[in-house]
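Let's take a walk through this fold, one contact at a time. Have the model open and follow along.

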Amino acid sequence: MASQRQKQADRVPRTRVDKFAERRAELGEAALQTLAALGYARTSLREIAQNSEFSHGVLHYYFSDKVDLIVCSVRQYKARCVTRYDRVTADAASYDEMMEGFLRALGNTLRDEAHMHRLWYDLRAQALFADAFRADVAAIDKSLENMVLRVMRRFSALAEVPLALSPSVLYALFDGLFQHYLLRHLSGSEDAVEELRADARSAIDTLFGVTAHAE
């Protein structure tokens, strides 16, 4: 059975498929702030249209329903998150540099983009109930797991200590930490960002047998 994206793309001549995809990406990006503010349950294409510069007709032309739009938007946002940590990995020349760069990026994204991450966790929770989300959520989840693995492999190389945990366990560890402190941050905790950084540092140092650094 053709995917929703393929059905949408088939509405236009094949020579315009790339432009169709580009326009979807632009609309998905522009809708992110509204989606992040409203969350899954309160979001509809009409509601997004009322809170953005785009008409309901335009959104409905490019997206079959709110699931299609939300998945498109979240996928694009998470793809940017992955490249952020890849830059940290590429730039670090020592374990300490890697640690500082990783913790800085981790804390900044919690502080500055909490509503975007909230939308992702909302989407992932919906995938427990709705088949329509599962394939896309699994793909995004896998990209994040691979990102964590790349980060931890870089720490491993710099510490000259082999990884002792599987990719899925590493992802669960850091994703769980992040989600825990995201909730605290959204609940008004002023210490959530620094506590996330401290716990992430402790977890990484423990993984590689590095003596805890003084704050």
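Start at Phe-155, which touches Tyr-95, Met-98, Met-99, Phe-102, Ile-204 and Phe-208, leaving aside residues up to four places away in sequence; contact here means heavy atoms within 4.5 Å. A word on the ground rules: this is a predicted model, where local features need pLDDT of at least 70 and side-chain atom pairs count only at pLDDT 80 or more, while totals for chains, interfaces and linings use all residues. Residues are numbered from 1 along each chain as its sequence is written, and side-chain values use heavy atoms, with hydrogens and water left out.

Now zoom out to the helices (DSSP runs of H or I, at least four residues, numbered from the N terminus). Helix α7 (residues 95–112) and helix α9 (residues 131–159) have axes that come within 9 Å and cross at roughly 155°; axes are lines fitted to C-alpha atoms over the stretch in contact, with angles from 0 to 180 degrees between N-to-C directions. The pair is therefore roughly antiparallel, a label for angles over 145 degrees. On the α7 side, Tyr-95, Met-98, Met-99 and Phe-102 meet Val-151, Arg-154, Phe-155, Leu-158 and Ala-159 of α9.

Phe-155 and Phe-102 turn up again in the largest nonpolar core, among the residues with the most contacts inside it, alongside Trp-120, Met-152 and Ile-204. That core has 66 residues, and such a core is a set of buried Ala, Val, Leu, Ile, Met, Phe, Trp, Tyr and Cys residues joined through side-chain atoms within 4.5 Å.

Last stop: His-117, in helix α8 (residues 114–126). His-117 counts as buried because its relative accessibility is 4%, and buried means under 20% relative accessible area (1.4 Å probe, protein chains only).

Notes:
Helix = DSSP H or I, 4+ residues; strand = E, 2+ residues; numbered from the N terminus. Parallel < 35°, antiparallel > 145°, perpendicular 65-115°, else oblique. Buried < 20%, exposed > 50% of the residue type's maximum accessible area, 1.4 Å probe, protein only.
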